[in-house]
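Please study the model shown below and then work through the exercises that follow it.

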Amino acid sequence: MGESFKGLSRRDFLKVCGATATILGLSQSYVPQIAQAIEGAAAKPPVLWLQGQNCTGCSVSALNSNHPSIAEIVLDILSFRYQPNIMAASGDQAIQVIKDTIKNEKGKYVLIWEGAVPDKEDGLFAAFGEENGKPMTCDKWVTEAADSAAVVIAMGTCAAFGGIPRANQAVTGAKGLLFDGTAKGGAYKGTTPVVNVPGCPPNPDWLIGTVVYYLMNKKAPDVDNYGRPKMFYGQTIHDNCERRAAFEAGLYLETWGDPAAIAPAEGGTATQNYCLVKKGCKGPITYSDCPIRRWNSRTSWPIGAHGICIGCTQPEFYAGLAPLYEKVPEVNLFGIQTTADNIAKVLGVAVAIGLGAHLVGNFATGRVGGKGGDK
Amino acid sequence: MAKVVIDPVTRIEGHLKIEVEVENGVVKDAWSSGTMYRGFEQLIQGKDPRDAIRITQRVCGVCNTIHGMSSVFAVDDAFGVTVPDNGRIIRNLIFASDWLADHPLHFYHLAALDYIDIMAVASYAGNDPALLKVKDKIVSLVKANDTYPLTPRYEPDAFVIKDPEVVTTAVSHYLQALEMRKLGHEMLALWGGRAPFYQNVVVGGVGIRPTVERIAEFTWRFEQLADWLENTYVADVVALGTGPLKPIHDLKVGLGVSNFLGYGAFDEKKSGDIKNRFFRSGTIENLDLKNIKDMDPSKITEDVKYSYYKSASGLKPAVGKTDPDPKKAGGAYSFIKSPRYDGKPHEGGPLARMLMQQDPGFMELAGKIGVWPSAVARHAARAYETKMLIGQIRVWLDQLAKNINGEVCDDKALPMDAREGMGITDAPRSANGHWVSIDKGKVTNYQIVNASGWNFGPRYDKGVRGPVEEAIVGAPVPDPTNPTNVVRVVRSFDPCLACSVHIIEPTTNEILKFKVT
């Protein structure tokens, strides 16, 4: 092994590998294997990061990556041929880079796609670049770029399932790459493997972890029925929620900021922070490791900051989970049970059923449904 | 005459396209067009109005804080709540944290590559260990024959800074800024749960209560970031703006429309009250800095003649419509509508705010650079207001600490009768507004006049250019294959939408293809 790797000292490089192992939930004994995967490549693996009907929130979230940092990812680990928010090139120069990569790195590059893909009105609702004076639409871009990629990462809920733009599908035709909400049949019809990394936005660790897993193993990580890596999306928010005990005890917050429903350490007078399910929290039906991984260098997370989970990693998000501030209706919980056979392969579904039964029990006894039922 | 097309314009948020006509090396005309549409105003119809506060944040992953604030102000207004002081102050802290992350990101990561020749780093001859590390990094990329995403790029023009010491220092600050801006998002997450997209700002206030511990957690991050912002970011902008970049300012690259508008930002008294904000609201007409007028929201309208919408033109946002038609004939060229104030285009953003604020420190800085709008002046205003905001955050933290047990939310039930609400506030990059109508607990109409719409909107119905289009006119483009001054001006407005600039031969309508290797 050389003294330095792509401008990093050996020690710094191994620190990056160690941090990456942590993201992946791997033992530090995997550090040499990760180092081998990253170092073993003759050149940095090329990446095309393209954007459809997006808001750039996924890219901004990726900028918040800590271990490894975004500078290490961009300059040391991967070769970002096209990333519209950071790259120097504009216009035809930038478009040419995409074309060259598709042609010269066929089967070698990672495509990260951010945003939904619309197909109404000849795809004109999302376009970038021009060819012969005509806009190049994203429905064509996604096919061209994905077909020649080694693997595709559908970054964010819009790319994975259609997300918020899908709530206006009647007008624009927005879909995810492989999925249209919970149903198969998205905008990408080709055969290149697609891994979904949903979230609005996704945690940077989910993206980096998925990419590094792929580089290490040359295959996509184990995924659930919605194409999400089980290592990040294997359990519900509710399974690991710090307010689970309050839920079990039937203690539910009814008024925002009410000191009588907030723990002393958080400025209230209650024995603990009350569960937010009556305020509409979608934690019980949402799969991600937010309660453990948390956000922004692990400073906080939505429920930790006294806000609800809005279910942003779910294929139903947004329209299928509206209204966000009404408690998850009983019928949906029964729905999970009645369709359990269909989603039985999803890791953790048994827990969800158990939860459903428990919550239904609480509704039945008036602990959730009734006014002040916990008092 | 050559017509230049840059598509896409990168290092911005979103999908924007700008075309310019160049004659004798100078831009004669320009067109700005947004090339993407999702339809937030349509998809939120019929939904619970409280959802809008979460969902409309996702209009923009960069400007999400502002859209959330505009939305909550609008829904607050419709619900008729009285936000308690602590709720208002915590919202200010969430909002301000984002500004402190956003402004340096814009300067270093989005704009700076237009002003420096990054390859000059290889010639750094000093012995500063930190700068030598930067040099080693860039040299190793060159040796590996993989300098993406720093290349390809426009060929450095006459204004680009080539001094190895200055460039290497700037690149080291670029790398520092990647780390420092994360502190702003951590500060935001401490009060808001995560960034981007906070989760606990709700109708009536916030869900989170202040504690001494949280203030302390916030403060140590904030003071670390504040120190770096003042001594590195602001210092860099001042040094570069009064030094190597002054020639660009002296050429008046990016003059603009000379009308400015601001809704004000950061409520100091009643939440949503535009008369009592830390950054004041107002308008300036024809660069008349002695006559700052009150801003009257009823004078805001949106034209759509040149936009891909079949809805009526010139509507006020409260009764606005959004009905897209991407194949609209008759010269339409953008998904962005064209907002007007009192029938005229107005520039919003840091320069508008600082020209209205007229803080002595800014006026002194403007005097050194030259008191007229330009790309460089916009960067200077952005840096200066960062400094002002840092001072005020300390005031808010003190207010919060003195009233630690105060209420944070006026939590009211969803009203079932017909209501209307307006939520307007300045964003880091311009003035942003949401208008909501509700009935029977559902949204019946929702209109957003985007921050960047003020600056990047296309022509008005009468054919008058929008602020960015006007600002590009006159920019020197000696080499149409390297329209660096065009992207300098475009990026100085910190666009939050996807953008492209085209170069076309108007006589033949043939697009001039240019490739730089």
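The exercises below treat aromatic pairs, a sheet and salt bridges in turn.

This is a predicted model, in which local features need pLDDT of at least 70, side-chain atom pairs count only at pLDDT 80 or more, and totals for chains, interfaces and linings use all residues. Residues are numbered from 1 along each chain as its sequence is written, chains are lettered from A and ligands numbered from 1 in the order in which they are written, and side-chain values use heavy atoms, with hydrogens and water left out.

**Exercise 1.** Determine how the rings of A:Phe128 and A:Trp141 are arranged, and which parts of chain A they tie together.

Step 1. Rings of Phe, Tyr and Trp (its six-membered ring) pair if their centres lie within 6.5 Å; planes under 30 degrees apart count as stacked, over 60 as edge-to-face and the rest as tilted. By this rule there are 33 aromatic pairs over all chains.

Step 2. The centres of A:Phe128 and A:Trp141 are 5.0 Å apart with 5° between the planes, and the pair is stacked.

Step 3. Helices (H or I, at least four residues) and strands (E, at least two) are DSSP runs, numbered from the N terminus. A:Phe128 belongs to strand S6 (residues 127-131) of chain A and A:Trp141 to helix H6 (residues 138-147) of chain A, so the pair ties together parts 13 residues apart in sequence.

Step 4. Buried means under 20% relative accessible area, exposed over 50%, and partly exposed in between (1.4 Å probe, protein chains only). Both A:Phe128 and A:Trp141 are buried.

**Exercise 2.** Classify the pair formed by B:Phe362 and B:Tyr384.

Step 1. With 5.8 Å centre to centre and 55° between the planes, this pair of B:Phe362 and B:Tyr384 is tilted.

Step 2. B:Phe362 lies in helix H10 (residues 360-369) of chain B and B:Tyr384 in helix H11 (residues 375-402) of chain B, so parts 22 residues apart in sequence are tied together.

Step 3. B:Phe362 and B:Tyr384 are buried.

**Exercise 3.** State in what order the five strands of the open sheet in chain A are placed, and which strands form its edges.

Step 1. Two strands pair if DSSP finds at least two bridges between them. The order in chain A is S4-S3-S5-S8-S11, with parallel pairing.

Step 2. Strand S4 (79-82) and strand S11 (194-197) of chain A are the edge strands, each pairing on one side only.

Step 3. Strand S3 (residues 46-51) of chain A is joined to S4(A) by three bridges. In this region A:Pro46 stands opposite A:Ser79 of S4(A).

**Exercise 4.** Locate the partners in the salt bridge between B:Asp114 and B:Arg491, and decide whether each is buried or exposed.

Step 1. A salt bridge is a side-chain nitrogen of Lys or Arg within 4 Å of a carboxyl oxygen of Asp or Glu. The structure holds 49 of them over all chains.

Step 2. The closest N and O atoms of B:Asp114 and B:Arg491 are 2.8 Å apart.

Step 3. B:Asp114 lies in the loop between helix H4 (85-111) and helix H5 (129-143) of chain B, and B:Arg491 in helix H14 (residues 484-492) of chain B, so the pair ties together parts 377 residues apart in sequence.

Step 4. B:Asp114 counts as buried at 5% relative accessibility, and B:Arg491 counts as buried at 1%.
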